[in-house]
Amino acid sequence: MAFMNPATDSFGPLGFQLVLLRRMADHQPGLVEEALRELGVGRGEMREANRRWQAMVHSPGRRGAGARYRSVLGPPEATGERRVGDLTFEAATWRLPLWPGLRFEVLAAPGGAVWNEWLIRAPGVPGPDLRTVEDLKPWSCTVDEVARAFAPARPLEGTAPTRWRLAFTAPDTAGERREYVAEFTWGLLQRFV
């Protein structure tokens with residue numbers, strides 16, 4: 001299965017999923033290998049998809065991020081407004097076959113500048129029951145789900161533009177509360193320390 005449409009040489013949803021996996025491979029290589037097998041592609045195709053994505057992002061005549069997502073993923077599954085504090089954003093979401101219970105969300109400010117881009121839980125799909133740190137499994141939950149389950153959580157600076165970190169206090173299996181830092185890539189939990 002190719003990540004490009006040979007007739008148009010366009011980069012599509014499969015290629016975009018490979019881009020997400022490429023960044024996740026730094027923390028969860030085993031899960032990425034399973035996902036690549038599920039998608040029927042290899043690491044070389046993942047690297048090539050990432051190379052093409054980076055070329056699109058950094059090309060001199062590049063499109064804005066919102067237009068780039070629409071050209072790669074097609075029309076959004078849903079659009080609407082989202083308020084964050086005093087700001088109102090246009091929210092657009094897309095379904096990605098690799099993560100059926102999630103949606104890829106892009107929040108754009110008035111004028112089209114992208115403020116945030118990550119995976120979120122799909123509407124109507126129940127998230128995991130997060131009570132202790134033992135419930136935090138890689139790829140099982142999003143930034144928002146961990147922040148709500150272990151409030152008050154503090155956002156921390158990530159190590160790359162597509163990475164987030166969240167500091168929180170949670171009970172271990174013995175019920176003792178401890179401080180942890182969870183790391184997310186494209187909004188999806190990768191690990192915690």
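This is a predicted model: local features need pLDDT of at least 70, side-chain atom pairs count only at pLDDT 80 or more; totals for chains, interfaces and linings use all residues.
A pocket is an open set of points on a 1 Å grid over the protein atoms alone, with protein on both sides within 12 Å along at least five of seven lines, and lining residues have an atom within 4 Å of a point.

Residues are numbered from 1 along each chain as its sequence is written, and side-chain values use heavy atoms, with hydrogens and water left out.

**Stop 1: the second largest pocket**

Select R82, E105, N116, W118 and D144. Of the 15 residues that line the second largest pocket, these lie nearest its centre. The space there is about 300 Å³. Now colour β3 (78-84), β5 (102-108), β6 and α5 (143-149): each gives two or more residues to this lining. Helices (H or I, at least four residues) and strands (E, at least two) are DSSP runs, numbered from the N terminus. β6 gives the most, with five residues. By class, the lining of the second largest pocket holds seven nonpolar, two polar and six charged residues. Here Ala, Val, Leu, Ile, Met, Phe, Trp, Tyr, Cys and Pro count as nonpolar, Asp, Glu, Lys and Arg as charged, and the others, Gly among them, as polar.

**Stop 2**

Seven bridges join the two strands, which run antiparallel. Two strands pair if DSSP finds at least two bridges between them. Find E81: E90 in β4 stands opposite. β3 and β4 form a hairpin with two residues between them, and G85 in the turn has a positive phi of about 65°.

Carry on to β5. β4 and β5 pair in the antiparallel sense over six bridges. T93 stands opposite E105 in β5. E105 was also on the list for the pocket at the previous stop. What separates β4 from β5 in their hairpin? Six residues lie between them.

**Stop 2: the largest pocket**

Select W53, Q54, P161, T162 and W186. They lie nearest the centre of the largest pocket, which is lined by 20 residues. About 420 Å³ of space lies there. Which elements supply at least two residues each to the lining? They are α1 (13-24), α3 (43-58), α4 (65-73) and β6 (114-121). α3 gives the most, with five residues. The lining of the largest pocket divides into 10 nonpolar, five polar and five charged residues.

**Stop 3**

Axes are lines fitted to C-alpha atoms, for helices over the stretch in contact, and angles run from 0 to 180 degrees between N-to-C directions.

**Stop 4: the four-stranded sheet**

Show β7 to β10. The strands make an open sheet in the order β7-β8-β9-β10, with antiparallel pairing. β7 (154-156) and β10 (188-192) are the edge strands, and each pairs on one side only. Neighbouring strands of this sheet are turned by 35° against each other on average, direction ignored.

Walk across strand by strand:

- β7 to β8 (residues 163-171): three bridges join them, and P155 stands opposite L166 in β8.
- β8 to β9 (residues 177-185): nine bridges join them, and R177 is the bridge partner of P171. Their hairpin has five residues between the strands, and G175 takes a positive phi near 90°.
- β9 to β10: four bridges join them, and E183 stands opposite R191 in β10. Their hairpin has two residues between the strands, and W186 in the turn has a positive phi of about 50°.

W186 is also one of the residues nearest the centre of the largest pocket.

**Stop 5: two backbone details**

Zoom to A151 and P152. A cis peptide bond joins them, with omega about -5°. P152 lies in the loop between α5 and β7.

Finish at W139, in the loop between β6 and α5. Its phi is near 70°, a positive value in a residue other than glycine.

Technical notes
On a 1 Å grid over the protein atoms alone, a cavity is a set of points where a 1.4 Å probe fits but cannot get out, and a pocket is an open set with protein on both sides within 12 Å along at least five of seven lines; lining residues have an atom within 4 Å of a point. Grid points are joined across faces, edges and corners, and a volume is the space filled by probe spheres set on the points.
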